[in-house]
Structures are given as C-alpha cells and as structure tokens.
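Visitor: Hi! I'm new to this one. Could you walk me through it?
Guide: Happy to, let's bring it up.

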Amino acid sequence: MTTSRALRRLPLHAAATVTVVVCLFPVYWMVATAFKPNRDIQSDHPQLLPQSWTLDHFRRAIDADGFGLFWRNSVLVTLGAVLLALVVALGASFAVARMRWRGRRQFMLMVFVAQMAPWESLIIPVYIISRDTGMLDRLPTLTLVYFMMTLPFTIVVLRGFIATIPQELEESAQVDGCTRAGAFRHIAFPLLAPGLMATSLFGYITAWNEFAYANFLIIKQQDHRTLPVWLSSFHNTFGTDWGATMAASTLFALPALVIFLVLQRHVTSGFAAGAVKG
C-alpha cells in the first residue's frame, strides 16, 4: 500500500523538483557569479561551482556612485507605498466585510478589475498625467503609483481575512462598553497580523522590484532614481561589468529574502486566509 502510493506520487514529486530547480537556478547563478573572478565569468567554459571566490565585485557595487542614495530612495518609496496601501485598504476591507451598503458588490468588482489590469499598459497615461501636473522626477509620484499598484490586492486579502474573524467578538466588546472603532482596534486588529504581514510583503516586493515606472517617471533628476534603475548602470569601456552587476543584484535581493524568511509562517497563513476563506 505504501509503495504503490509512493509510486503514484513520484510524478508529482519529480515535477515539483524540476519546477524548483528551474526557478532557483537563475538565482543560484546570480549569486555564484557575484563571487567569481572576472576570468571565470568570461571563460568559454562556464563551471557550475566557482573554482575560486572573490569579494571584489561586492566592493565595487557598494562603492559605486549613488548606491547609498538610491538605496534610501527605494526604501522611502517602498515603505511609503506599503503604509499608504495598508491604511487605505484596512478601512476599505472593513467596510466591505462588516457593513452592508449599496454598491458594495460593484466596488469589489472594480477592485478585482483593477487587480487584473496590466500596469504596464498604463505607463503612457500615468506619464502624461504626471507631466501635465508637474509631478515628474519626484519620489512622491513613484510612491503614489506603487500605492495604486498594491492597493487592490491588499483590499482583497484583508477583506477575506476580516471575514474570517467572528463578528460576535466585536459585538461582545461593544456590549461591554467599547465603541465600534474601539472594538475593532482591540479585538479584530490584533488578529489581522498574518494578513497585514502577507499584504505588506507583497506590496514591498512589488514596489522594491518595480523598474518601468521608476525609469519613465524619473528622467532629469538622476538623484531621485531607485535601485532597480541603478542596477543598469554597471558599464565600462569593455561592456557590462557582469560581476558587479550580479553582486549588486544579490545585495538588492537580500532584503526581500530576509523579510520573507522572518515572516514566512505568518505570510503563508495570511495568504491562505485571504484567498480561500474570504
């Protein structure tokens, strides 16, 4: 019985293994290249495992012009977009999950449509609006764009998560003298931690990695660019400095990886509650 069950699951395990390898190999190659000397990177016979290691590429990446400035810009834009999305989505998701008002279903339909819309198709309209309103080359413009990109998903997940919290808990607190806002703050809000972490991570990754809008909306003020745009700057007279580029990309990916590993358990339960139970 056990052997036959294992044989039936063997194709699934093999497919999962292939998928993991295909997805992780580019990441491994990026990190491995960041530690390889230039002679190994440019070799005609690339090797899977580095034969020697160096930190020179990381030194060049950190010492490159604008590294600290663009890092700060990315942090400010990302945190601003995530915080705005959480505040607005928390109120909107509570209104949808707890209140009954005309147009509630239509509102959620528009949220789903906004979530499905490809944001790349809106680059030109956003650029024209930013140009006509004098908002080009400004970090607050990027913050608002990333806020709009992450808001629909945040509303959907938080709405599903709030719907899983028994409303009787808040009603009991109101009977004991709490206001409706106080009951939500003291009873429901602490239970939303996994959902808040899940949506925060999604918003962080979306804003942190975004390149197209940062490249099109920041044109003249080079000091206002973000890290994804900065990654394309490792060029010299011989072409692209692949070692420094891979080292910078590794440094760029580390914050998201660390945050995900720290919040992994909460993020998984938050996504499950928001997507399935809602």
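Visitor: Which helix is S130 found in?
Guide: S130 sits in helix α6, residues 123-132. Helices here are DSSP runs of H or I with at least four residues, and strands are runs of E with at least two, numbered from the N terminus. This is a predicted model, where local features need pLDDT of at least 70, side-chain atom pairs count only at pLDDT 80 or more, and totals for chains, interfaces and linings use all residues. Residues are numbered from 1 along each chain as its sequence is written, and side-chain values use heavy atoms, leaving out hydrogens and water.

Visitor: Is S130 buried or exposed?
Guide: S130 is buried, because its relative accessible area is 6%; buried means under 20%, exposed over 50%, and partly exposed in between, using a 1.4 Å probe and protein chains only.

Visitor: And what is S130 in contact with, beyond its neighbours within four places in sequence?
Guide: M135, L136, T141 and L217. Contact means heavy atoms within 4.5 Å.

Visitor: New topic: which residues are buried in α9?
Guide: G182, A183, F184 and A188. The buried residues of α9 pack against α4 (67-98), α7 (139-163) and α8 (167-175).

Visitor: Zooming out, how many helices and strands does the chain have?
Guide: The chain has 13 helices and two strands. Its C-alpha trace spans about 70 × 70 × 35 Å along the principal axes.

Visitor: What share of the chain's residues is buried?
Guide: Of the 278 residues, 39% are buried.
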